[in-house]
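This report describes selected features of one protein structure, from its metal site to its helix packing and backbone geometry. Please keep the sequence and the model at hand while reading.

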Amino acid sequence: MHPQDQITEVIGRIYRAGLTTTSGGNISVIDRQGDIWVTPTAIDKGTLQRKDIVCVKRDGTVKGYHRPSSEFPFHKAIYEARPDIRAIVHAHPPALVSFSIVRQIPDMNIIPQARHICGPIGYAGYALPGGEELGKEIAGQFGKGFHAVIMENHGTVVGGSDLKDAYVRFETLEFSARTLIGAKTIGEPRYLTDEQISEFESQIPEDIPEMEEVEHTPEEQSIRRNIALLVRRACDQGLMISSYGNMSVRWQGNDFLITPRDVPRWEMGLEDIIQIREGKREPGKLPSRSLMLHAGIYEAHPEVNSIILTQAPNIMSFGVSHTKLDVRTIPESWVFLQDIISVEFGKQFAGDPTIPGLISKNRPAVIVQNDGIIVTGDKLLQTFDRLEVAEFSAKSLVMGHPLGELVPISPDQIEDLRRKFLS
Ligand SMILES: [Zn+2]
């Protein structure tokens, strides 16, 4: 993709996700010739088009309809300090700004992929925006090897080997900051040890054998479409981030279709989805690393026909603070979820029988501490709805925490709900 198209797509995503204001934030990509493509200054981020993206040539001449971003000097300084960085995202997303104004660096050891993706994070002291001194401060931090930097009383800047890489890092960083703030609102965050994270990383499943012939029936293809559609929707609704999460749907018997690993979730297409038939996978495709957990749940529960495993910020505030997510909040939450249990980190690893053993009709969702939530159901849309209800419930509990303690629906009222909706 041309740098102008890449930048237009990513700035649109960032704006729609509420991670930048129309005036704040800027993105750049350096091409092979050493020319830098960058967002323009003072143009509405909500309606930015490819022709608005400006090119600053190596010799400093500007090509395009606008002036480059006023923060271009620090983009240039980073590229000079770090030839391995080929794209930069800078913005003022709310949770990272919270860290920047209390002058703290978020600890990435809360979820397994965050440390690996974001790495240790640098910290640049305050300097006047658009000035040379700010460029020096930030480039100095990147010069030490960081890929992400908190800017004091300003925001954040992240670099990547390409724009996709930078965007995934930026999104994971803000997600982790939101989760930490939520966890601190309701309790205290607990962190994973480096050993736990290494253990998680070594969990990439030994790949199951490939099938020789692939059969795509119309039903199989409609499942594929459904998964791709709902993955996209989960990303748009803030229920899944690019770097983590998977979905599967039972096809026939214990055969199912599942999302791949290492594909950014928001750009997953139909052809990326992988068929698993009689314990074999489609040739040349790598299924999600939690493949065996999905297979185990389908085998143990004939009534389960779809599974979503994901991280959403408010659910994860519970998952990271090891606080019970009590869904006796409103009738909808209890009827949809009844009882959400949480299990220790490590119980999601391949071959562990704990989670398939806990899932039941009265317990469709399980939280894995510091990892994610597993939601099960019949149709995929029903499972998606359950996930949405879980995140809404968690959000109300986090937001309500400063107001007072939850007064749950009483046991008698729960019995009434059970009789009316679940029998
Ligand atoms: Zn800024």
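## Basis of the description

Two residues are said to meet, or to be in contact, when heavy atoms lie within 4.5 Å. The model is predicted, and every value in this report is computed from it.

## The zinc site

Which residues coordinate the zinc ion? The ligands are Glu71, His90, His92 and His154. Along the chain, the donors follow the spacing E-x18-H-x1-H-x61-H.

Histidine 90 belongs to strand β5 (residues 87-91), while histidine 154 sits in the loop between β7 (148-151) and β8 (155-160), so the pair ties together parts that are 64 residues apart in sequence. Both histidine 90 and histidine 154 are buried.

## Cysteines

How many disulfides does the structure contain? A search of the whole structure finds zero. For cysteine 118, the nearest cysteine sulfur is that of cysteine 235, at 16 Å; a disulfide would require the two sulfur atoms to be within 2.5 Å. Cysteine 118 has a relative accessibility of 2% and therefore counts as buried. Cysteine 55, with a relative accessibility of 5%, also counts as buried.

## Helices α8 and α13

Two packed helices are described by the angle between their axes and the distance between the axes. For α8 (residues 218-236) and α13 (residues 380-400), the angle is about 15° and the axes are 11 Å apart. Angles under 35 degrees count as roughly parallel, and the two helices are therefore roughly parallel to each other. The crossing of α8 past α13 is right-handed.

The contact involves Asn226, Ile227, Leu230, Arg233 and Ala234 on the α8 side. On the α13 side, these residues meet Leu380, Leu381 and Phe384.

## Helices α6 and α10

The axes of α6 and α10 come within 8 Å and cross at roughly 60°. That angle makes α6 oblique to α10. This crossing, too, is right-handed. Helix α6 contributes Phe175, Arg178, Thr179, Gly182, Ala183 and Ile186 to the contact, and helix α10 contributes Pro313, Met316, Ser317, Phe318, Val320 and Ser321.

Is threonine 179 buried or exposed? Threonine 179, in helix α6 (residues 163-186), has a relative accessible area of 0% and is therefore buried. Leaving aside residues up to four places away in sequence, threonine 179 touches Pro313, Met316, Ser317 and Val320, and also Ile110.

## Two further buried positions

Aspartate 326 is located in the loop between α10 (313-321) and α11 (331-337). Its relative accessibility is 16%, and because buried means under 20%, aspartate 326 counts as buried. Apart from residues up to four places away in sequence, aspartate 326 touches Leu397, Leu406 and Pro408.

Valine 54 is placed in strand β3 (residues 54-56). With a relative accessible area of 0%, valine 54 is buried. Its contacts, again without residues up to four places away in sequence, are Ile36, Trp37, Val38, Pro40, Val62, Lys63, His66, Arg67 and Pro68. The C-alpha atom of valine 54 is separated by 32 Å from that of alanine 114, which is 60 residues apart from valine 54 along the chain.

## Positive phi angles

Alanine 42 is a residue other than glycine with a positive phi, near 55°. Alanine 42 occupies the loop between β2 (36-38) and β3. Its relative accessibility is 75%, so alanine 42 counts as exposed.

Asparagine 370 likewise is not a glycine, yet has a positive phi of about 55°. The residue is found in the loop between β15 (365-368) and β16 (372-377). Where alanine 42 counts as exposed, asparagine 370 counts as buried, at 3% relative accessibility.

How values were computed
Residues are numbered from 1 along each chain as its sequence is written. This is a predicted model: local features need pLDDT of at least 70, side-chain atom pairs count only at pLDDT 80 or more; totals for chains, interfaces and linings use all residues. Side-chain values use heavy atoms; hydrogens and water are left out. Donors are N, O and S atoms within 2.8 Å of the metal (3.2 Å for Na, K and Ca); water is not among the atoms, so sites may look incomplete. Helices (H or I, at least four residues) and strands (E, at least two) are DSSP runs, numbered from the N terminus. Buried means under 20% relative accessible area, exposed over 50%, partly exposed in between (1.4 Å probe, protein chains only). Axes are lines fitted to C-alpha atoms, for helices over the stretch in contact, and angles run from 0 to 180 degrees between N-to-C directions. Angles under 35 degrees count as roughly parallel, over 145 as roughly antiparallel, 65 to 115 as roughly perpendicular and the rest as oblique. A crossing is left-handed if the near helix is turned anticlockwise from the far one by less than a right angle, and right-handed if clockwise.
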